[in-house]
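Hello,

Here is the structure we talked about, passed on for you to look through. My notes on it follow below.

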Amino acid sequence: MNSGDTAWVLVCCSLVLLMTPALALFYGGMVRKKNLLSTLTLSFIFMSLISVQWVLYGYSLSFGADIKGLIGGLNYIGFTGVDALPNAAYSQTIPHGLFAAFQMMFAIITPALITGALVERIKFKSFLIFGLLWATLVYDPLCHWVWGQGGWLKEMGVLDFAGGTVVHIAAGFSALAFAMVIGPRKGFGKSPMEPNNIPLTVLGAGLLWVGWFGFNAGSALAANGVAVNALLTTNTSAATAGLVWMMLSWLDGRPSTLGIATGMIVGLAAVTPASGYVTPLTAMFIGAVAAPLSYYSMRLRDKRNLDESLDVWACHGMASTWGMIATGLFATVAVNSGGANGMFFGNPNQLGIQILAVIVTICFSFGATYVIAKLLHWSIGLRVTPMEEEVGLDISSHGERSYS
Amino acid sequence: MLKKIEAIIREDKVNDVREALKKIGIVGMNMIEIRGHGRQGGIKLLGRAGSYQIDMLTKIQINIILSDNNLEDTIEAILNSASTGEPGDGIIFIYPVDEVIRIRTRERGQEAVMYPNDIDAMKKKEPA
């Protein structure tokens, strides 16, 4: 065991956990004032819900003893066997419990990302049930396929350093499916739905960027050169994407603060799968492409009149899809000897594996989410009543208001 | 004769009322956020542990200045779009207005509250 690695990953647990309240603020600032608390709570509650689910059985399903490459077994139920000694399957130098804790923070934020699709109209009870089902039936299996010992995509050699598929593509396309089932907000397209507090969104974005160092650099599971590389690629991609979105926003008229902040997040999402496998210069290119890709995806979504309210699909789903492909092109063992080479480094096979993983993730997350959402829609319903929606979820769902 | 309508309505009815007014050609208006209550009792909000009562609820007051030949049509439009049938729907006050002056053009009286395609223009277009 290595105390340097352990100390670093311990810190990263805090950084990544911080990303969930940061996401809450990022989303909260963009909804109408009457729904601010509700939006914050939708992300916040996962800190509790998934922390418990993970310890009880989530970790086991994700990283437990492999069953046919599809799911983990129940050998780590209740975190039994998840203790201070390293688990050689995942890391030689940090305690097993620390690996499990670090992974928990990813499991927490991923469903929170999806909430962007359902704000301002979701029924809280239905949402809680959905969150639990999604974590169990979508996140845990997908996590196992890509990162779990024996997972079939991992065995195939997919490169996903910190969660391009497992976190961002899954969340983005699940959000798309959910938005299609729940339908648009009342008045979408007719009434103004302005962000109530852009400073909150900017604060959230800043905290997300900082936290992302834990997300990406921490995924090296060691305090070493690969972690440093991941930090540099993360930072560079975010910075570049922020600048490019600023320019796109400028072409619209004036460079918007909200646009700049969004661009940075898009760069972060895009570089996530590539961060430990590509060079900082490549990361600049990744960020530069991610910004217009997400920007025009947003415009497309708007033109199609789909109320995927906070653009999770455009910003996370599409950005990380590009990131996974970029990994298949630009990965190099010079950066990470534990990875593989991409197409531009003599291994065109890798691109094929990446594309397969992307397609699998998209189909699985979209399909499963659509089905779960439909079942909830038909049984207990997904939406609050029209009057509750008009009054605002803060008062109707939580009996509170943000500002008195 | 010019009149002022103060329509104190539910926050969540603002869009419906504005749309109904636009439809009949009432164009100029302003609104302010206001707190108050009539005969009903307020609502119960949740704190950290337990609940508390709030009496003065947030409503929106829409102010419209118009000539009195359009008064009844406007009142009708507001009543139909602002009402839910539940306590808390609001109240309308009507006042006489001494004078209206448009700042940019210095128009006074009737001319100061006229707009292209407004309620009077729409009525003129209708066959007699």
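**Helix α3 of chain A**

The model is predicted. Helix α3 of chain A covers residues 96–114, which makes 19 residues. At 1.5 Å a residue, helix α3 should span 27 Å, and its end C-alpha atoms lie 29 Å apart, which agrees. Of the 19 residues in α3(A), 18 are buried, so the helix is mostly covered.

**Nonpolar cores**

The largest nonpolar core holds 132 residues. Its residues with the most contacts inside the core are A:Leu23, A:Leu208 and A:Val266. Helix α3(A) supplies the largest share of this core, 14 residues. Another core, of 14 residues, lies apart from it and includes B:Ile26, B:Leu66, B:Val113 and B:Ile119.

What does A:Leu208 touch, leaving out residues up to four places away in sequence? Its partners are A:Met19, A:Ala22, A:Leu23, A:Phe26, A:Ile265 and A:Leu268.

**Strands of chain B**

Strand β5 of chain B (residues 57–67) pairs with strand β1 (residues 2–10) of chain B through nine bridges, and the two run antiparallel. In this pairing, B:Ile9 stands opposite B:Ile60. Strand β2 of chain B (residues 30–36) also pairs with β5(B) in the antiparallel sense, over seven bridges. There, B:Met31 is opposite B:Ile62 of β5(B).

**Where the chains touch**

How many residues does each chain bring to the contact? Chain A gives eight residues and chain B gives four. On the side of chain A that touches chain B, one residue is nonpolar, four are polar and three are charged.

Regards

Note on methods. Residues are numbered from 1 along each chain as its sequence is written. Chains are lettered from A and ligands numbered from 1 in the order in which they are written. This is a predicted model: local features need pLDDT of at least 70, side-chain atom pairs count only at pLDDT 80 or more; totals for chains, interfaces and linings use all residues. Helices (H or I, at least four residues) and strands (E, at least two) are DSSP runs, numbered from the N terminus. The expected span of a helix is 1.5 Å times one less than its number of residues. A residue is buried if 20 or more other C-beta atoms lie within 10 Å of its own, exposed if 12 or fewer, and partly exposed in between; C-beta atoms are placed from the backbone. Two residues are in contact if their C-beta atoms, placed from the backbone, lie within 7 Å. Ala, Val, Leu, Ile, Met, Phe, Trp, Tyr, Cys and Pro count as nonpolar, Asp, Glu, Lys and Arg as charged, and the others, Gly among them, as polar. A nonpolar core is a set of buried Ala, Val, Leu, Ile, Met, Phe, Trp, Tyr and Cys residues joined through C-beta atoms within 7 Å. Two strands pair if DSSP finds at least two bridges between them.
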